Amino acid sequence: MSATTFASRRDEPASCSHAAGTSQLHYLSKSSLDRLRKINHFLIHAFKNSISDIKENLTGTYLFLLTDTDGVLLSMDYSSDLKAAVERSPIRPGMIFTAQSCGVNAISVTMDSNEPVLLLPEQHESPYFQSWHCYASPLTMGSQHFGYLDVSTINADMQGELIAIAKLIPAYMQNNYQSQQAAELSEKSAVEFTERQLTILEMIAKGLTVKAIALKLKIKECTVNHHKKVIFNKLGVQSSTEAVSIASRLSYL
């Protein structure tokens, strides 16, 4: 699939921001980011493992970014010679890469077009990215959309290598992701739920509150909370979102 160029902007709410030249840079709050990273832990691990393998064979200067489907930066990596520059920059996990947050950039364009895109330095709106050649693409595994990958370099002569690397990483990530899933499914295959726990799990998946579940089942809210605690412990999670995600992968939902 060929790379596209500019696309329309999209709006995105933000938790906090600071001035950055002509635009506002927005970041997710620490608590929201921590929760998001727990939900996407498979994806983040697959990204880190894949980048680690690929970096061993690279001699150029590269920056690797992984965002979720809303453009929130989940993880990043870079060549050792970029350490000081990255630490001085505003780029850090939690940053929101929408056009509204940091101007037109490769991730915001691929979010709008849902296609791979190559952006040259002069095509970025934010001064922070105007020395970068960036190639971004959607991340999908099967029919499921997980987020976006951005591979960037400051060397124009490495543009061809940049695109080749960016096309290789998703395949590495898919293999790693599937291996992690298989390992977790094997570890948790012995999880057993009572009929009542499965009913409550299904209601949680439908978005019902503790109060709504209690009213529907004609039991006390403290009883619902007890069942939730048992369900979370069996699945090894700490939130309803994680419970639903893992229960779905284990075919309980």
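The lining of the second largest pocket in this predicted model is made up of eight nonpolar residues, one polar residue and one charged residue, where Ala, Val, Leu, Ile, Met, Phe, Trp, Tyr, Cys and Pro count as nonpolar, Asp, Glu, Lys and Arg as charged, and the others, Gly among them, as polar. A pocket is here an open set of points on a 1 Å grid over the protein atoms alone, with protein on both sides within 12 Å along at least five of seven lines, whereas a cavity is a set of points where a 1.4 Å probe fits but cannot get out; lining residues have an atom within 4 Å of a point. The residues that line the second largest pocket are Leu 63, Leu 82, Ala 85, Val 86, Arg 88, Ser 89, Pro 90, Ile 91, Tyr 128 and Trp 132, and the greatest contribution, three residues, comes from helix α3 (residues 83-88). This pocket holds about 160 Å³ of space, a volume being the space filled by probe spheres set on grid points that are joined across faces, edges and corners.

The largest pocket has a volume of about 250 Å³. Its lining consists of 15 residues, and those nearest the centre are Ile 39, Asn 40, Gln 144, Phe 146 and Tyr 177. Two or more lining residues come from each of α1 (30-39), α2 (41-55), β7 (144-153), α6 (159-188) and α10 (240-249), the helices (H or I, at least four residues) and strands (E, at least two) being DSSP runs numbered from the N terminus. By class, the lining of the largest pocket comprises six nonpolar, seven polar and two charged residues.

Two cavities of 30 Å³ or more are present in the structure. The largest cavity contains about 100 Å³ of space and is lined by 13 residues, with Leu 65, Phe 129, Cys 134, Asp 150 and Ser 152 nearest its centre. The elements β3 (62-67), α5 and β7 each give two or more residues to this lining, which divides into nine nonpolar, three polar and one charged.

The second largest cavity, with about 40 Å³ of space, is lined by Lys 38, Ile 39, His 41, Glu 242, Ser 245, Ile 246 and Arg 249. Helix α10 gives the most to this lining, with four residues, and the residue classes are two nonpolar, two polar and three charged.

Helix α10 also takes part in a crossing with α9, in which the two axes come within 10 Å and cross at roughly 55°. Axes are lines fitted to C-alpha atoms, for helices over the stretch in contact, and angles run from 0 to 180 degrees between N-to-C directions. The helix α9 is therefore oblique to α10, since angles under 35 degrees count as roughly parallel, over 145 as roughly antiparallel, 65 to 115 as roughly perpendicular and the rest as oblique.

Residues are numbered from 1 along each chain as its sequence is written, and side-chain values use heavy atoms, with hydrogens and water left out. As the model is predicted, local features need pLDDT of at least 70 and side-chain atom pairs count only at pLDDT 80 or more, while totals for chains, interfaces and linings use all residues.
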